[in-house]
Amino acid sequence: MEASRSGRHDRLLRSLPRRTPVRACAALIAVLCVACASSGDFAAGGPAPLVAQRLVEATAVTGPLHVTFDWSLREREARYNGAGAARVQPPYRGRLDLFGPRGEAYLVAAIDHGRMQLPPGAEGDALPPPALLWAALGVLYPPEGAELTGTSTSAGGVADQETQLEYRLGDERWRFRLVGDMLRSAEWQNGSDGRRTVELEGTVSPGLPQRARYRDWIAFRELELNIRTAEPTEAFSDDVFRVPR
């Protein structure tokens, strides 16, 4: 398998004109690497709705939560960073505020289940789509309308058992990987048009990761959140989840 992939890549590279710009070659190599990383088969059994539902419930936020974090964003040659806050309220409502290095407002977004709201004219490309934004907080939220098509569960104890779930909606595919009841990664693909991932590390509090890294592989964009605090709080008012217009 690896030898055949290497051969295909060699043939593609040899087919380039001799004076192909170095930047174009680098871009092609990056695309090939993404294709390799995403080309593995999903060795899953048939859908197991009871397993999936149990994990959805196990990762859900159970009470109002105020989260603070540091963030950094890389977009090709641009770099941004600052601090942020998230206010989360069951079942699936949230408010995200990103601030620049001097405390200036950078971006605000509200999310209600699978719907995201941004201020008029706001550039929301830096943020993950709703299912992946929930994943960045350790919450397994299957995309609305998607069908569970595969389930894979490894052998082992409950605490270290690995489970993978696959959902599909048309040409779109989502994969979620959990260890025990903790979400550890999520992936979205849409044929050859795009691939986006969330990778989670560490634990701040039960179910909440220490670090979340979101990548848009085609756009060469990476957003990293490093969570500092996660405090239970009183219920938020509805006004919190209304984005200013």
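Trainee: How much space lies in the second largest cavity, and what makes it a cavity?

Mentor: About 50 Å³ lies there, and the name fits because a cavity is a set of points, on a 1 Å grid over the protein atoms alone, where a 1.4 Å probe fits but cannot get out. The volume is the space filled by probe spheres set on the points, which are joined across faces, edges and corners. This is a predicted model, where local features need pLDDT of at least 70 and side-chain atom pairs 80 or more, while totals for chains, interfaces and linings use all residues. Residues are numbered from 1 along each chain as its sequence is written, and side-chain values use heavy atoms, without hydrogens or water.

Trainee: Which residues line the second largest cavity?

Mentor: Pro128, Leu133, Ala136, Ala212, Arg213, Tyr214, Leu223 and Leu225 do, because a lining residue has an atom within 4 Å of a point. Strand E11 (211-216) gives the most, with three residues; strands are DSSP runs of E, at least two residues, and helices are runs of H or I, at least four, numbered from the N terminus.

Trainee: What makes Arg213 the charged one in that lining?

Mentor: Asp, Glu, Lys and Arg count as charged, so Arg213 takes that place, beside seven nonpolar and no polar residues.

Trainee: Which residues lie nearest the centre of the largest cavity?

Mentor: Among its 15 lining residues, they are Ala86, Arg95, Leu96, Leu133 and Leu137. That lining has 13 nonpolar, one polar and one charged residues.

Terms used:
1 Å grid on protein atoms, 1.4 Å probe; cavity = no way out; pocket = protein on both sides within 12 Å on 5 of 7 lines; lining within 4 Å.
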